[in-house]
Amino acid sequence: MRKIMITALMRNALSNSAVRSRLLVINMAPLYYVSQLAAVIFTLTFLEVLSSLLSNSLIIVDEAHRILNRYVVGESIIERLIREGRHDGATLILVTQDPLDVKRNVLDIVGHYAVFKLNGRSAIETADLLGVNEEGIIRLRPLEFYCHGDGITVKAYIMGNQGGNYPITSDIIYRKMLERIDDQDYVGAMIRRFGRSLNPVLVPQVIELGRKLGYDVRSIIQLAARKDPEYYRLLSRVVIGED
């Protein structure tokens, strides 16, 4: 399977627009739900094929436990990037909800950590990793986290709207969009600025898909504000690439 994937990747070079772009997103979620093994192999193979182009780059791996699971044997390209990437100026960020799922040797060689609230064994093991009391990790509040680097651990807070209530903020933004629904430029600007902060996420692609299916913009925003199942169906079609 790995040989087939390498051959396919080598035959299909990245488009010129992708090469020029400063941002390349590889969404492996659809393949992962079909075959976890195929998704992991493809992701690691893709990085190996592009390894010569990864200098001075920022690589972010979400759901990192899927490709750095404790049961994976041998060193992967991800681990090599952690060990050797700094020499090429490559920065690697791994994101996971539970550090217990990640190989311990990977956690040991990571230089910096940002740890938000955890519970149970995850809190105990992470506390040992950071050299803090597990109670401190368990009692972290929203937007609080422990930052660890160069042997030093400090408690930090994400600046911004301290104590902000995201559901209330989302309602305000939705209401403002509905008030100015005839001003498409205003609605578009609001979505670009706040779309990823809204719950559920409101993105331009969902607006476009909804209009193709006969919804007007006001109806789509109202569906999103109500967290209507129909909105989630539209969102899922966009996420998995059906439209």
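Student: Which residues of H7 are buried?

Tutor: Please keep in mind that this is a predicted model. Helix H7 spans residues 120-130, and what covers its buried residues includes helix H6 (104-109), S3, helix H8 (134-138), S4 and S5. The buried residues of H7 are Ser122, Ala123, Glu125, Thr126, Ala127, Leu129 and Leu130.

Student: Is Thr126 buried or exposed?

Tutor: Thr126 has its place in helix H7, and, leaving aside its neighbours within four places in sequence, Thr126 is in contact with Pro99, Val115, Leu118 and Ile137. A residue under 20% relative accessible area is called buried. Because its relative accessibility is 5%, Thr126 counts as buried.

Student: At about what angle does H7 run to S3?

Tutor: Helix H7 lies across S3, S4 and S5, and these 3 strands form an open sheet. Relative to S3, the helix runs at about 145°.

Student: What is the order of the strands in that open sheet, and which of them stand at the edges?

Tutor: The pairing in this sheet is antiparallel, with the strands in the order S3-S4-S5. Strand S3 (112-115) and strand S5 (152-157) each have a single partner strand, so one side of each is left without a neighbour in the sheet. The strands at the edges are therefore S3 and S5.

Student: How many bridges join S4 to S5, and which residue in S5 is the bridge partner of Gly149?

Tutor: Strand S4, which covers residues 144-149, runs antiparallel to S5, and the two are joined by 6 bridges. His148 has Thr153 as its bridge partner in S5. For Gly149, the bridge partner in S5 is Ile152.

Student: Which residue in the turn of the hairpin formed by S4 and S5 has a positive phi?

Tutor: The two strands of this hairpin have 2 residues between them. In that turn, a positive phi of about 55° belongs to Asp150.

Student: At what angle do H11 and H13 pack, and how far apart are their axes?

Tutor: Two packed helices are described by the angle between their axes and by the distance between those axes. Here helix H11 (residues 204-212) packs with helix H13 (residues 229-239) at about 110°, and the axes are 9 Å apart. Because angles of 65 to 115 degrees count as roughly perpendicular, H11 is roughly perpendicular to H13. The values asked for are an angle of about 110° and a distance of 9 Å.

Student: Which residues make the contact of H11 with H13, and how do they divide into nonpolar, polar and charged?

Tutor: From H11 the contact is made by Gln205, Val206, Leu209 and Gly210, and from H13 by Tyr231, Leu234, Leu235, Arg237 and Val238. These residues divide into 6 nonpolar, 2 polar and 1 charged.

How values were computed: Residues are numbered from 1 along each chain as its sequence is written. This is a predicted model: local features need pLDDT of at least 70, side-chain atom pairs count only at pLDDT 80 or more; totals for chains, interfaces and linings use all residues. Side-chain values use heavy atoms; hydrogens and water are left out. Axes are lines fitted to C-alpha atoms, for helices over the stretch in contact, and angles run from 0 to 180 degrees between N-to-C directions. Helices (H or I, at least four residues) and strands (E, at least two) are DSSP runs, numbered from the N terminus. Angles under 35 degrees count as roughly parallel, over 145 as roughly antiparallel, 65 to 115 as roughly perpendicular and the rest as oblique. Contact means heavy atoms within 4.5 Å. Ala, Val, Leu, Ile, Met, Phe, Trp, Tyr, Cys and Pro count as nonpolar, Asp, Glu, Lys and Arg as charged, and the others, Gly among them, as polar. Two strands pair if DSSP finds at least two bridges between them. Buried means under 20% relative accessible area, exposed over 50%, partly exposed in between (1.4 Å probe, protein chains only).
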